[in-house]
Every structure is written in C-alpha cells, then in structure tokens.
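Here's a quick tour of a protein model, meant to be read with the viewer open.

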Amino acid sequence: MDEYLAGVPEPQRSTLAALRTTLRRVLPGAEECIKYGMPAFALDGQGVAGFASAKHHCGYFPFSSTVLTTAGDAVDGYRTSKGGLQFPVDRPLPVGLVRTLVKLRIAELGAVTDGVRREYFADGQLKAEGPMRSGEPHGTWRWYRKDGTVLRTGQFRDGEQVDGRAAARGGADRHRRA
C-alpha cells in the first residue's frame, strides 16, 4: 500500500492517505492488502474497502455490486457506478460516509446462507463464525468477545441448538484469533 501511494501524484496522494487513515480507524481489525491492483482493507481475505487514484478523481470501491445502491441518499452528490464511487482529488470522503459504506459491506459478508458465515463487530473484529446450511446454522459455532477470546460455543443441527457452553474463564477454551 505504501508503494502504491508513493507512486500517486499530489493532491491525490494526500487525499488517499487520509482515506487510508480513516479506514484504519474504522476497521482496526482488517488486513491492509492489494486487491485488483489497488490498496484495500480485507476481513478474512474478503475485500471490504479499496481505493485508487485517477487523473481527475479518486475512487472508493466496496468490492460489492450492491453496497452503493443500498447506501441510497448517503452517496448523493457523488458519481457512482455499479462497483465504485468517485470523489474529488483534493477532498477526502467524510468519515461518516466511510463508516456507512463499511457497515453495509460487513453486513453483506455476514449474509452467507450456505457455507461458513462470519459476523463482525462494527470495527471488523470477528464476532461469530460457523457453518450455515440452507440459511440455518448447522455445525459448531463460536462467538467471540471484543478482545478475540471465545465467549461461547454451540452445536447446531438444521437451525436447532443441540449443545452450547460458555467459554471457561482463563481456561482451555480461551482462544485469541490471529
């Protein structure tokens, strides 16, 4: 990400650096990476927010075809496409708008109906994870505290909880997510 930004001219560089700082504050649990050739923030490998420089604008990319549509009035005044939002080269996006777009993307990531669902706290820290089948929890689920330790676990079969327990305080069930 540093290398990408170093190659961007001013004022885009300063504007994108400000966006990076905002995203780091909004998503302290996210990984900084490069996705599709642009700087990005990801949770468990899934893109949440990316940004890029162009000659006459900067772009914000939520890695989703529906986030900007769902954002509705929040993105009024910005040029949008199916996958991106354009903003001026010399004016960073408002923090409130970035928070809204990140929140919408995180909600999408947690909407898995078949496969492993991961739900996140607003700051990108993992809140819960477990398998889903036909829209129902099925298998072993874990819920986490904000500090990353296991709060409790539960076993599900076709949406019905068949076993669950609270994590032992300081015991073997303590788990810190990397």
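Start with the surface: the protein exposes about 9,700 Å² of accessible area, and 48% of that belongs to carbon and sulfur atoms. Keep in mind that you're looking at a predicted model. Along the principal axes, the C-alpha atoms fill a box of roughly 55 × 35 × 25 Å. As for secondary structure, there are four helices and twelve strands.

Here are a few whole-protein numbers side by side:

| Property | Value |
|---|---|
| Buried share of the 178 residues | 40% |
| Share of contacts with a separation of 6 or more that link residues 24 or more positions apart | 38% |
| Distance between the mean positions of the 26 positive and 20 negative charges | 3 Å |

Now for the inside. The largest nonpolar core has 33 residues, and the members touching the most others are L23, Y60 and V102. Who supplies it? Two or more residues each come from α2 (12–26), β2 (38–43), β3 (46–53), β4 (58–61), α3 (67–71), β6 (85–87) and α4 (95–109). Of these, α4 gives the largest share, with six residues.

Leaving out residues up to four places away in sequence, L23 touches F41, A49, F51, Y60, V98 and V102. Two of those partners, Y60 and V102, already came up alongside L23 as the members with the most core neighbours.

Apart from this core lies another one, made of six residues, including C33, M38, A40 and A52. Two of these names turn up again in a strand pairing, where C33 stands opposite A40 in β2. The strands involved are β1 (residues 31–35) and β2, which run antiparallel and are joined by five bridges. Together β1 and β2 form a hairpin with two residues between them.

Terms used. Residues numbered from 1 in each chain as written. Predicted model: local features only at pLDDT ≥ 70, side-chain atom pairs only at ≥ 80, totals over all residues. Heavy atoms only, no water. Core = buried A, V, L, I, M, F, W, Y, C linked by side-chain atoms within 4.5 Å. Buried < 20%, exposed > 50% of the residue type's maximum accessible area, 1.4 Å probe, protein only. Contact = heavy atoms within 4.5 Å. Areas by Shrake-Rupley, 256 points an atom, 1.4 Å probe, with all protein chains shown as cover. Lys, Arg positive; Asp, Glu negative; His and termini not counted. Charge placed at Lys NZ, Arg CZ, Asp CG, Glu CD. Pairing = 2+ DSSP bridges.
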